[in-house]
Amino acid sequence: MWTEEAGATAEAQESGIRNKSSSFSQIPVVGVVTEDDEAQGVFKPMDLNRVIKLLEETDKDGLEEKQLKFVKKLVRCYQNGLPLRDLAQIFKILNLCAGKIKNQPHFIESAYDIIKLCGLPFLKKKVSDEITYAEDTANSIALLGDLMKIPSSELRIQICKCIVDFYHAEPPKKHIPGYQQASSSYKIQMAEVGGLAKTMVQSMTLLENQLVEKLWVLKVLQHLSTSEVNCTIMMKAQAASGICTHLNDPDPSGQLLFRSSEILWNLLEKSSKEEVIQQLSNLECLLALKEVFKNLFMRGFSHYDRQLRNDILVITTIIAQNPEAPMIECGFTKDLILFATFNEVKSQNLLVKGLKLSNSYEDFELKKLLFNVIVILCKDLPTVQLLIDGKVILALFTYVKKPEKQKIIDWSAAQYEELQLHAIATLSSVAPLLIEEYMSCQGNARVLAFLEWCESEDPFFSHGNSFHGTGGRGNKFAQMRYSLRLLRAMVYLEDETVNKDLCEKGTIQQMIGIFKNIISKPNEKEEAIVLEIQSDILLILSGLCENHIQRKEIFGTEGVDIVLHVMKTDPRKLQSGLGYNVLLFSTLDSIWCCILGCYPSEDYFLEKEGIFLLLDLLALNQKKFCNLILGIMVEFCDNPKTAAHVNAWQGKKDQTAASLLIKLWRKEEKELGVKRDKNRKIIDFENLPGLSAEDFVTLCIIHRYLDFKIQATHKQRELANKSWENFLARTSNAKTLKVPSGGVVTVESTPARLVGGPLADTDIALKKLPIRGGALQRVKAVKIVDTPKKSIPT
């Protein structure tokens, strides 16, 4: 019969034999520890293979008792830690014990005790042991996840406790001579290598109705999900959808929701965000999130509940970025719009009846998150009708006004300012989709009135302590900045109803006034914000004036002055990175849209040496501006006064416009890789593959394009000259003025557009008309009189 003494004697004898003979291979050992040895913290040799062989034996009397006793000895030996070199054998013993549990329940305690040891430090004899036994260690730790299949609550909880201990490493209770503790992160790394996270995710399906075990597994997954490697493994095991669908499971402790949201957050941050979103973009997950958020919104009053509510909303916002997510179908979109606007728009909905937000930090963050989710949701066009039904535009416009001193505001001044800016930023995304609602709310009037307040001397000390408030501390630049962004978004819809309403309300004059006011009060401290404001003003003006002569006339000389002011900016500032490049682009765009085509503005621009400024910019040789400047120059050349200005320009080292343009041409040739022969003749324009005979004929026409263009211009000029001669003949030639009897013609003063206006003399008018070209337009001032009047004297 096997006894403890006999076993120890046999081991000692075998050990002695091994020491005497080198022909025996080394067998992994554990320590059988006496009381004296234990006090010194040493291991004595013990044959682990014999323990394994003993556990593999069956059908012997009293065998179970022997096996259990021997495992207890093994556990006692390792009470200070597990040597890496013995780990594979120890886990094989654990696996054998686990396999016996079904028919021999007493082995649960043995398995439990060995698993408990895994929470102790791993020990190494050599520095290289961590590398040498890495595979054994990874496979051993992976076995812990497989053991979760054993239907024992006690065992499952102990496995979870053991894994959690990986993340709270403690030093050995006693120092063991010849051994040192493996690095604190070693177990965590080996858990990653072994894929423990996958089996722990899969174990969730075994715990549908076991709340305690489920909470422990979630705690393990919460720790595992701090690693990118584990998050990727968990994501592939469908952890996101598996966890999300159970968010509403009964849990009086509240841990399930807290730990689940933490895991979801980690998965989104540390694994493929797109794949996690795809997992969560189904009806079941969104319904679970919707119910959780709704319950926390309506009945969550503690600090913890509000934080959790906000976390759920952030996760929802991320999912909503997926256009395939059934946000509308599950009713979540409708609820979110309701929650975002119930403070500003009266609602009889029972979900918000009697509900009120406080000015606590969590509720303040919630309000901003709700504004943000509206911006995300509105990208899905079917949401538009829900935004209309929810009166979102009206709700957001309640913030587009100056702070009211008499009104009791629940938010602090700093909070209200941040919400105001956030609301205006949200309007920039939502209002372009809801033009009718924007106009019915008098959107243009509200924004323009708000801009007037932004420009006023009203004492207002903004806090500027938020993302939207950047650069706005102690001034109203932030409010002006976001209001102009909103106007720019509306103008660039090219909706004539919106733009006409803006022009009728004096927007062009107001924008020019704001620009001039900013110029008169330079602010270097907030230079980048000021440049953005100026750029947006010019873009708004361009959008309003393009293709509208009357609006260009309103832009007039005052508008030309602000354009010229920007063009005179020190070129070195273009490299500052503050936004001068953007401002210059906006300025060039405004020349194209607000000046060209309006003769008085063109003449004023030329008179103020605008062409010189354009050529100065062109001489900077910045490719990003060249095309736009050259396009403007071409259009200006329709004006007969332009050529003199171009010819008069001189750059550095007496450079002329002609030499500058030739230099640009050569540079363009070089960048295109144009080839020339020894006589400098271009040799590869015709060398194009795959052209038919008809294509070559077309190519010849393309070559002669400029000739055809000059010819058309001459013909147009001849027609215009002939038309002008006819007009002069009708007004100054006595023979032509003789009229037949019948209807009498009354001629009023010659229209200003024919003679070039008050600034133009006769010569200019004669030169200008042919260039603009074409036959004379019908003159409304010439009218047929039915009854005879006094004839013109001959």
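This is a predicted model: local features need pLDDT of at least 70, side-chain atom pairs count only at pLDDT 80 or more; totals for chains, interfaces and linings use all residues.
**View 1. N230 and its contacts.** N230 lies in helix α13, which spans residues 228-236. Apart from neighbours within four places in sequence, the residues in contact with N230 are Y167, A191, E192, A197 and L224.

**View 2. The cysteine pair C545 and C594.** The closest cysteine sulfur to that of C545 belongs to C594, at 4.0 Å. A disulfide requires the two sulfur atoms to be within 2.5 Å, so the distance of 4.0 Å is too far for a bond. C545 is buried, at 0% relative accessible area. By this rule, the model has 0 disulfides.

**View 3. The largest nonpolar core.** This core holds 215 residues. The members that touch the most other members are M200, L221, M511, I591, L614 and F636. Helix α29, residues 527-545, supplies the largest share of the core, with 10 residues. In soluble globular proteins, nonpolar side chains tend to be buried together.

**View 4. F636 and its contacts.** F636 is among the core residues that touch the most other members. Leaving out neighbours within four places in sequence, F636 is in contact with I591, I595, L596, E602, F605, L606, I611, L614 and T642. Of these contacts, I591 and L614 are also listed with F636 among the core members touching the most others.

Note on methods. Residues are numbered from 1 along each chain as its sequence is written. Side-chain values use heavy atoms; hydrogens and water are left out. Helices (H or I, at least four residues) and strands (E, at least two) are DSSP runs, numbered from the N terminus. Contact means heavy atoms within 4.5 Å. Buried means under 20% relative accessible area, exposed over 50%, partly exposed in between (1.4 Å probe, protein chains only). A nonpolar core is a set of buried Ala, Val, Leu, Ile, Met, Phe, Trp, Tyr and Cys residues joined through side-chain atoms within 4.5 Å.
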